[in-house]
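Please read this briefing alongside the sequence and the three-dimensional view. After some ground rules, the points are grouped by topic.

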Amino acid sequence: MKGLILYFSGTGNTKFIANKIGEEFIKNECEVEIHSIEEDFDIEKISFDYLILGFPKYFEYIPQIFMEFIEDNLHYSESEIKTMIFSTGKDKLQTYFDELEKILIEKNFKVILTTNFKMPNSNILSREYLDTKI
Ligand SMILES: Cc1cc2nc3c(=O)[nH]c(=O)nc-3n(C[C@H](O)[C@H](O)[C@H](O)COP(=O)(O)O)c2cc1C
């Protein structure tokens, strides 16, 4: 079984989680390939049995760059691919991934798990954060 982890990360939080998930799969003897959508790679050349998608929450939304990547680059799969979606955000709150799920269903990717990881806020440098650095 081989997995593909695709992520977008503005400031590194999502990349960190993507790599952690990858490490867990490897520990469990699953082959995994990890790519940022900003890398120069051809998704068509990668064969995989399951897919994991990750991105940061931007004002509770999925970043447009990620939606466009999936729409344009992920092609219809002849066999149904089990898919997990995760977001990272400053809040614990779960995000709704309906719009992304709709695109995935049309391409024969079945979402079986969605989750959000609470991470440091990349939107602002808080006073508290700055105080620890001064
Ligand atoms: C423009 C912007 C908007 C954000 N909006 C939210 C939000 O609505 N909810 C939330 O929990 N976090 C929000 N955040 C925080 C990021 O989602 C969070 O820090 C994320 O882990 C950053 O991931 P990255 O380092 O992979 O880019 C926002 C960050 C930015 C820069």
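Helices (H or I, at least four residues) and strands (E, at least two) are DSSP runs, numbered from the N terminus. Residues are numbered from 1 along each chain as its sequence is written. This is a predicted model, in which local features need pLDDT of at least 70 and side-chain atom pairs count only at pLDDT 80 or more, while totals for chains, interfaces and linings use all residues; side-chain values use heavy atoms, with hydrogens and water left out.

**The loop between strand 3 and helix 2**

- Phe 59 lies in the loop that runs between strand 3 (50-56) and helix 2 (64-73), and its phi is positive, about 50°, although the residue is not a glycine.
- Phe 59 is exposed, with a relative accessible area of 70%, where buried means under 20% relative accessible area, exposed over 50%, and partly exposed in between (1.4 Å probe, protein chains only).
- Tyr 58 has its place in the loop between strand 3 and helix 2, and this residue is partly exposed, with a relative accessible area of 35%.
- Tyr 58, Phe 59 and Tyr 61 make a nonpolar surface patch of about 420 Å².
- Such patches are made of residues with over 30% relative accessible area and no salt bridge, like charges being joined within 9 Å and nonpolar side chains (Val, Leu, Ile, Met, Phe, Trp, Tyr) within 5 Å; the accessible areas come from the Shrake-Rupley method with a 1.4 Å probe, and for residues only the protein chains shown count as cover.

**The nonpolar cores**

- A nonpolar core is a set of buried Ala, Val, Leu, Ile, Met, Phe, Trp, Tyr and Cys residues joined through side-chain atoms within 4.5 Å.
- The largest nonpolar core has 25 residues, of which Leu 6, Leu 51, Phe 66, Ile 70, Leu 100 and Leu 104 touch the most other members.
- Two or more residues of this core are given by each of strand 1 (2-7), strand 3, helix 2, strand 4 (81-89), helix 3 (98-106) and strand 5 (109-118), and the largest share, four residues, comes from helix 2.
- Another core, of eleven residues, lies apart from it, and includes Ile 17, Ala 18, Tyr 50 and Met 119.
- Ile 70 is in contact, meaning heavy atoms within 4.5 Å, with Leu 6, Leu 53, Leu 100, Ile 103, Leu 104 and Lys 107, not counting residues up to four places away in sequence.

- In helix 2 the buried residues are Phe 66, Met 67, Phe 69 and Ile 70; seen down the axis of helix 2, they fall within an arc of 160°, so they line one face of the helix, the arc being that of the directions from the helix axis to the C-beta atoms.
- The exposed residues Gln 64 and Asp 72 are carried on the face of helix 2 turned away from its buried side, whereas the buried residues of helix 2 pack against strand 1, strand 3 and helix 3.
- Helix 3 has Leu 100, Ile 103 and Leu 104 as buried residues, and these fall within an arc of 100° when seen down the axis of helix 3, so they too line one face of the helix.
- On the other side of helix 3, the residues Asp 98, Glu 99, Lys 102, Ile 105 and Glu 106 are exposed, while the buried residues of helix 3 pack against strand 3, helix 2, strand 4 and strand 5.
- Ser 77 lies in the loop between helix 2 and strand 4 and, at 12% relative accessibility, counts as buried.

**Salt bridges**

- A salt bridge is a side-chain nitrogen of Lys or Arg within 4 Å of a carboxyl oxygen of Asp or Glu, and by this rule the count comes to six.
- One of them joins the side chains of Glu 24 and Lys 27 (3.0 Å, N to O), which both lie in helix 1, three residues apart, about one turn of the helix.
- Glu 24 counts as partly exposed at 40% relative accessibility, whereas Lys 27 counts as exposed at 59%.
- Another salt bridge is formed by Lys 90 and Asp 91 (3.1 Å, N to O).
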